[in-house]
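Me: I have a structure open and I'm new to it. Can we go through some parts together?

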Amino acid sequence: MTDITLAPIQPDQPSHLMATYGRQAISFVRGRGAYLYTEDGTEYLDALTGIAVCGLGHAHPVIAEAIAEQATTLVHTSNLFEIPWQTAAAQKLAEVSGMEEIFFSNSGAESNEGAIKIARKFGTQQGVRLPKIIVAEQSFHGRTLATLSATGNKKVQDGFAPLVNDFIRVPFGDVEAIQEAALQHPDIVAILIEPIQGEGGINTAPQGFSYLEEVRNICNQHNWLMMLDEIQTGNGRTGKYFAYQHTNIVPDVLTTAKGLGNGFPVGAVMTQGKAVGLLGPGSHGSTYGGTVLGSRVVYTVIDTIQKENAVENAAVVGRYIVDQLRAKLADKNVQVRGFGMMIGIQLPKDCAELVAIARDQHKLIINVTAGSVVRLLPPINMTQAQADDLLERLVTLINSYL
């Protein structure tokens, strides 16, 4: 292997990267499980895992071995040819998701773009000239133009007008608002929602997951597609393989990414029932979607999650973290919410500065979303000992802040 050593970046050294990220003044050179390490060997507990991406932790040996082996054999041939690993990955994903058809993309935004196209295709086939899609306030569906338009956050939309039309926004969890929209807009063809709003602050509907059952009934009543964005909530994150599996319903369209590749960039849009067959040859595609390498990673990630019982672990250890946080912070006027390894601590004041304090003083990686919500997205295979390590650092942090 070629030995390449990168020179340290100097403070006055110009960067040729677009300034699209507010980067923290730290970099990591390796990871192992729930921990990250800087060049000098300093260890950090990672309670963010690449924003819900590395669900099996960093440098998982089984995933690493599959990537290395496949990279020496065949990486890409294009979708002009049969790809056995893609077929096998789709079979695995169908088994854990309950869906029938799967299209592999490269990201969550691309997966949601696929869902939006499916909804429009469905509407067109129903004779609807301008199909509309219901979306929720405070949602986040991506940063491409269509997914940005579907997102319920004016801040991220600022400067990108004109946005894509025909998205109808309703408050998250408000079933009456959906019914009212149905009366006002006869050309609605689908609803696109997140089971839990991750970027919105780990928000669950007031009625919990039963909200999804109510939405399913409404979609059945009006012949709409029920489309779930499980980019962040999928792949074991909430203590079920997909969050909708906390209920008895099945969506028509399901999207995912993030934990699907454990750090490898891959996503998927899936269909079942009346959404099957809407996209055919020539109506959708991707140069890099479902490459040989990417497909083998997906297969290996799902297989490893199953063999390690990581979904069940996320439910048990995630519940332990939530219970401990509620007990240890009972006198701090905070609200702890979430499922599995998707946890939010709502503080009584804005707390964006906690990210730097946690990192520098407690060697803990977290982030803050919606201004005042400390968001935790630890590995779904985190051990209880690691959870106790997380709790000690986090409780000390919040107690010293409030």
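Me: Where is Pro162 found?
Reply: In this predicted model, Pro162 sits in the loop that runs between α6 (154-157) and β6 (167-170).

Me: And the peptide bond from Ala161 to Pro162, what is its omega near?
Reply: Omega is near 0° there, and the bond from Ala161 to Pro162 is cis.

Me: Other backbone things. What about phi at Ile51, positive or negative?
Reply: Positive, at about 65°, although Ile51 is not a glycine.

Me: Where is Ile51 found?
Reply: Ile51 belongs to helix α1, which covers residues 49-52.

Me: On to helix packing. At what angle do α2 and α9 pack?
Reply: About 160°. Helix α2 spans residues 61-71, helix α9 spans residues 292-307, and their axes are 9 Å apart.

Me: Why are α2 and α9 called roughly antiparallel?
Reply: Angles over 145 degrees count as roughly antiparallel, and α2 and α9 pack at about 160°, so the label applies to this pair. Their crossing is right-handed.

Me: Which residues make the contact?
Reply: From α2 they are Val62, Ile63, Ala66, Ile67, Glu69, Gln70 and Ala71. From α9 they are Val292, Leu293, Arg296, Val297, Thr300, Val301 and Thr304. By class, the contact of α2 with α9 has nine nonpolar, three polar and two charged residues.

Me: Now α10 and α12. How far apart are their axes?
Reply: 10 Å, with an angle of about 30° between helix α10 (residues 310-328) and helix α12 (residues 384-401). Angles under 35 degrees count as roughly parallel, and α10 and α12 are therefore described that way. The α10 and α12 crossing is right-handed.

Me: Which residues of α10 meet α12?
Reply: On the α10 side, Val317, Tyr320, Ile321, Gln324, Leu325 and Lys328. They meet Gln384, Ala387, Asp388, Leu390, Leu391, Leu394 and Val395 in α12. Sorted by class, this contact of α10 with α12 has nine nonpolar, two polar and two charged residues.

Me: α11 packs with α12 too. At what angle?
Reply: About 125°, with the axes of α12 and helix α11 (residues 354-362) 11 Å apart. That makes α11 oblique to α12. The crossing of α11 and α12 is right-handed.

Me: Which residues of α12 does α11 meet?
Reply: Arg393, Thr396, Leu397 and Tyr401. The residues on the α11 side are Leu354, Ile357, Ala358 and His362. By class, the contact of α11 with α12 has five nonpolar, two polar and one charged residues.

Me: How many residues line the second largest pocket, and which are the closest to its centre?
Reply: There are 25 lining residues, and the closest to the centre are Ala7, Pro8, Ile9, Ile26 and Ser27.

Me: How many residues of each class are in that lining?
Reply: The lining of the second largest pocket has 14 nonpolar residues, eight polar ones and three charged ones.

Definitions and conventions. Residues numbered from 1 in each chain as written. Predicted model: local features only at pLDDT ≥ 70, side-chain atom pairs only at ≥ 80, totals over all residues. Heavy atoms only, no water. 1 Å grid on protein atoms, 1.4 Å probe; cavity = no way out; pocket = protein on both sides within 12 Å on 5 of 7 lines; lining within 4 Å. Nonpolar A, V, L, I, M, F, W, Y, C, P; charged D, E, K, R; others polar. Axes fitted to C-alpha atoms, helices over the stretch in contact; angles between N-to-C directions. Helix = DSSP H or I, 4+ residues; strand = E, 2+ residues; numbered from the N terminus. Parallel < 35°, antiparallel > 145°, perpendicular 65-115°, else oblique. Left-handed = near helix turned anticlockwise from the far one by under 90°. Contact = heavy atoms within 4.5 Å.
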